[in-house]
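The following paragraphs lead the reader through one protein structure, step by step. Please keep the sequence and the model in view while reading.

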Amino acid sequence: MKFLFDLDGTVTSVETLPVISEHFGCTEQILELTAKTVQGNVPFVESFIRRVNILGDYSVNEISDLLAKVPLYDNIAKFIDNHKEDCIIVTGNLTCWCEGLFKKIGCKCYGSEAECVNDKVIKLKSILRKEQIVEQYKSLGETVVFIGDGNNDLEAMRQANVSIAVGLTHNPAQSLMSICDYIIFNENALVRQLRQLCGEFGNSKSVVISCAGIGSRLGLGLTKALVQINGGSLISWQLKLFRDVEDLRLVIGFQASEIIEEVRRFRDDIIFCYNHRYFETKTGASYFLGARHANRETLEWDGDLLVHPDDVRMILATPGEFICYGDKSSEDTVFVHTNEHGEVTSFSRESGDFEWTGPACMDKKHLMYCSQNVFNMFEPLCPLRGIKVRAYDIDTYNDYVRVAEITKDWKI
């Protein structure tokens with residue numbers, strides 16, 4: 001596996017060209033062009049040519065020495081240092097300007113090339129196309145993970161096996177939202193995800209909350225995560241219930257931007273996982289996409305589900321694989337059949353001993369992509385240990401009214 005990192009604002013904690021412009025006193029034009037380029041309002045090639053024309057008369061060696069002092073994200077730099085053979089920097093910036101910075105980072109680096117005479121850039125020779133480096137490593141049989149934030153990372157992300165849009169220095173370009181696998185706003189969360197991709201798993205459960213659906217049966221015109229329950233959004237209730245979970249992952253699709261905005265009001269270290277086919281798929285696909293690069297044990301949780309706080313604590317403390325069920329309470333019920341040991345033996349739309357509400361904890365090795373419901377994924381694995389909980393689905397408007405009444409006195 002190879003990790004390809006964009007440089008500016010991804011590995012460095014600031015954009016480098018504005019650093020150069022500020023040093024030499026030509027800030028306004030560079031800042032404006034950089035901002036427009038990151039968001040995709042000016043094509044990168046055009047913007048870069050214009051910025052090089054502005055900065056090309058300044059000393060190459062002085063610029064290299066200046067950029068060598070640019071601050072890095074410490075934990076990302078440590079990850080790269082610990083995985084030097086598998087980490088690569090890909091930047092549209094000039095290699096001659098970044099020579100000192102590249103040495104500080106310490107891994108293989110690719111950049112754009114220029115012809116230099118008398119310590120000045122006189123001509124651009126080539127502008128790096130990041131997607132070509134992705135294809136280069138894929139052609140060698142490597143799984144490529146691309147990490148970036150700007151519109152000029154779009155094609156590289158599209159070609160990569162795994163793409164991560166980051167919002168560490170500024171919000172990632174909107175264009176990346178339509179193709180990325182993950183969006184991460186916190187340095188520690190990013191490094192945690194990179195380690196998980198390396199197979200360096202934490203000892204605790206990952207919790208995967210599926211919030212990608214359109215909530216059509218509810219009839220409120222909202223994805224269920226944003227529905228208000230007793231003065232707070234449904235997702236805010238779940239964030240409180242999982243406040244002590246380190247690896248919390250939200251699968252998003254419909255109204256993704258609104259969910260991200262709401263979640264970031266409470267915590268910034270969530271890993272957002274995209275289900276871009278949310279209209280065509282169900283919770284099985286979302287769970288798989290959220291769990292595939294998580295810790296070994298993943299706790300599946302529907303975005304329309306509220307579980308009694310005492311039972312949530314019990315679930316988080318319970319090791320191994322299990323399926324939770326409860327007394328029938330919702331209108332659109334999926335039933336479970338259980339045996340004398342309390343194990344779940346099968347699921348049914350017609351009748352059963354209890355209602356399948358979720359959640360469920362599974363080892364990743366047992367998960368396979370399923371475009372249908374989560375319980376369809378679990379059917380071939382039965383019988384599975386069952387745990388009875390006080391859980392309430394919100395599938396219909398009547399469910400919504402009933403759950404609001406049930407939970408009004410809950411203390412979280």
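How many of the five residues of strand 15 (residues 322-326) are buried? In this predicted model, five of the five are buried, and the strand is described as mostly covered. A residue counts as buried when its relative accessible area is under 20%.

The two faces of the strand can be examined in turn. In a regular strand, the side chains alternate between the two faces of the sheet. On one side of strand 15 are Phe 322, Cys 324 and Gly 326.

With strand 19, strand 15 pairs in the parallel sense, over three bridges. Here Ile 323 stands opposite Gly 386.

Pro 383 is located between helix 14 (374-378) and strand 19 (386-388). The peptide bond that joins Cys 382 to Pro 383 is cis, and its omega angle is near 10 degrees.

The cysteines come next. A disulfide is a covalent bond between the sulfur atoms of two cysteines. For the assignment used here, the two sulfur atoms must lie within 2.5 Å. By this rule, the model contains zero disulfides. Cys 116 is in no disulfide, because the nearest cysteine sulfur, that of Cys 96, is 3.8 Å away and the cut-off is 2.5 Å. Concerning accessibility, Cys 116 is partly exposed at 35%, whereas Cys 324 is buried at 0%.

Two asparagines illustrate the backbone in loops. Asn 118 has a positive phi of about 55 degrees, although it is not a glycine. Asn 118 belongs to the loop between strand 3 (108-117) and strand 4 (120-126). Because its relative accessibility is 72%, Asn 118 counts as exposed. Asn 230 likewise is a residue other than glycine with a positive phi, in this case near 50 degrees. The loop that holds Asn 230 runs between strand 9 (228-229) and strand 10 (232-233). With a relative accessibility of 43%, Asn 230 counts as partly exposed.

Helix 12 (residues 283-291) is mostly covered, since seven of its nine residues are buried. Among them are Tyr 287 and Leu 289, as well as Gly 284 and Ala 291.

Helix 15 (residues 397-406) contains Arg 402. Which residues does Arg 402 touch, if those up to four places away in sequence are not counted? They are Ser 329, Ser 330, Tyr 392 and Asp 393. Tyr 392 is ten residues from Arg 402 along the chain, and the C-alpha atoms of the two are separated by 9.1 Å. Arg 402 has a relative accessible area of 23% and is therefore partly exposed.

Key
Residues numbered from 1 in each chain as written. Predicted model: local features only at pLDDT ≥ 70, side-chain atom pairs only at ≥ 80, totals over all residues. Heavy atoms only, no water. Helix = DSSP H or I, 4+ residues; strand = E, 2+ residues; numbered from the N terminus. Buried < 20%, exposed > 50% of the residue type's maximum accessible area, 1.4 Å probe, protein only. Contact = heavy atoms within 4.5 Å. Pairing = 2+ DSSP bridges.
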